[in-house]
Amino acid sequence: MKQSTIIIFPGWGMEKAAFHPIIKSLSTICNVLCIDWRGVKKLSDFKERAIQMLTSTQGTVYLIGWSLGSLITLELASLYPKKVDGLILIGGTSRFTNDVHNIFGWEQRIVERMKKQLQRNKEKTLTAFYNAMFTKSEKEEEFHHQFIEVAQRDYQGDSTYSLLKGLDYLLQKDVRMHLNQIQTPCLLIHGRDDQICLPESSSFIAERIGGKAQLRILEKAGHIPFFTKPQQCTQLIEKFLEKELIYD
């Protein structure tokens, strides 16, 4: 197996520690890097940080984009088709909020309300968002408590201003126009019961990318399947890398 690197692009308010359940396994086959969204000062920081990390990484490069991170990785794949060797989107979306052509996203007023809540009480808003990532059955297995323990123990934390910029990014970013330009092999993993990004969002991406995309829906999983079903997610990712890319 040739030397390669996976770059992870986390979702809103998230850090590398959220991916620990799959990083150990992936590190046995690839070098694993993770971009840091903390301290964002302007919307262009997301794209600039992503481009800087991608262009400074040598060799074969695969991108894992989760939630907000999927918006950035899709844009990178369209801008740097020769640099990105494969895409893995988890709980992905090409447009987070609703409009006349997208009925699968959040209503903009919900995100705007979340911004106000964030300014009033950051910790309460983050905790409510963390809980929303898990299904009822996942909560019965205490995964939401395990995740909050990880966030409290291992997250470095972000400023309210930076988190607000992340929500602005989700309000404004739209990469649907890039989808039909993407020629990179793409694996989409989505929880059947994801209430943050509905599975239809990944179906839309897969349809627009076409034959190089493969969608895998995980039953009884929410927005963070690599935390609640790490073995299943790791197997899907490793199979994708081996079959579609590395051994070609």
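Contact here means heavy atoms within 4.5 Å. The legends below describe close-up views of a predicted model.

**View 1. Asp 193 in the loop between β5 and α9.** Asp 193 sits in the loop that joins β5 (186–191) to α9 (199–209). Because its relative accessibility is 35%, Asp 193 counts as partly exposed. Leaving out neighbours within four places in sequence, Asp 193 is in contact with Thr 135, Lys 220, Ala 221 and Gly 222. Asp 193 and Phe 134 are 59 residues apart along the chain, and their C-alpha atoms are separated by 8.6 Å.

**View 2. His 144 in helix α7.** The helix that holds His 144 is α7, which spans residues 143–154. His 144 has a relative accessibility of 11% and therefore counts as buried. When residues up to four places away in sequence are not counted, His 144 touches Asn 131, Phe 134 and Lys 139.

**View 3. Glu 142 in the loop between α6 and α7.** Glu 142 is found in the loop that runs between α6 (136–140) and α7. Its phi is near 70°, a positive value in a residue other than glycine. Most residues other than glycine have a negative phi. With a relative accessible area of 38%, Glu 142 is partly exposed.

**View 4. Ser 67 and Ser 70 at β3 and α3.** Ser 67 belongs to the loop between β3 (60–66) and α3, whereas Ser 70 lies within helix α3. Ser 67 is not a glycine, yet its phi is positive, at about 55°. The relative accessible area of Ser 67 is 7%, so this residue is buried. Ser 70 is also buried, because its relative accessibility is 0%. Neighbours within four places in sequence aside, Ser 70 is in contact with Gly 65, Leu 89, Gly 92 and Thr 93.

**View 5. Helix α8 and its surroundings.** Helix α8 consists of 13 residues, 160–172. From first C-alpha to last, α8 reaches 18 Å, close to the 18 Å expected at 1.5 Å a residue. Of its 13 residues, 10 are buried, so α8 is largely enclosed by the rest of the structure. The buried residues are Ser 162, Leu 163, Leu 164, Lys 165, Gly 166, Leu 167, Asp 168, Tyr 169, Leu 170 and Leu 171. Their cover includes α2 (44–55), α3 (68–79), α4 (108–120) and α5 (122–132).

**View 6. The two sides of helix α5.** Buried residues of α5 are Thr 125, Leu 126, Phe 129 and Tyr 130. These residues cover an arc of only 135° around the axis, which puts them on the same side of α5. Glu 123 and Lys 124, on the other side of α5, are exposed. Cover for the buried residues of α5 includes α4, α7 and α8. At the start of α5, a side-chain oxygen of Asn 121 comes to within 3.4 Å of the backbone nitrogen of Glu 123.

**View 7. The largest pocket.** The largest pocket holds about 370 Å³ of space. It is lined by 25 residues, and those closest to its centre are Gly 13, Leu 126, Tyr 130, Tyr 155 and Gly 157. The elements that give two or more residues to this lining are α5, α7 and α8. Helix α5 provides the largest share, 5 residues.

**View 8. The largest cavity.** Rolling a probe the size of a water molecule over the atoms shows where empty space is left. The structure holds 2 cavities of 30 Å³ or more, and the largest cavity has a volume of about 70 Å³. Its lining is made up of Trp 12, Ser 67, Phe 96, Trp 106, Val 111, Met 114, Phe 129, Leu 167, Leu 170 and Ile 196. At least two residues of this lining come from each of α4 and α8. Ser 67, with its positive phi, is one of the lining residues.

Notes: Residues numbered from 1 in each chain as written. Predicted model: local features only at pLDDT ≥ 70, side-chain atom pairs only at ≥ 80, totals over all residues. Heavy atoms only, no water. Helix = DSSP H or I, 4+ residues; strand = E, 2+ residues; numbered from the N terminus. Expected span 1.5 Å × (residues − 1). Buried < 20%, exposed > 50% of the residue type's maximum accessible area, 1.4 Å probe, protein only. Arc of directions from axis to C-beta. Polar contact = N/O pair within 3.5 Å; in protein donor to acceptor, adjacent residues only side chain to side chain. 1 Å grid on protein atoms, 1.4 Å probe; cavity = no way out; pocket = protein on both sides within 12 Å on 5 of 7 lines; lining within 4 Å. Points joined across faces, edges and corners; volume = space filled by probe spheres on them.
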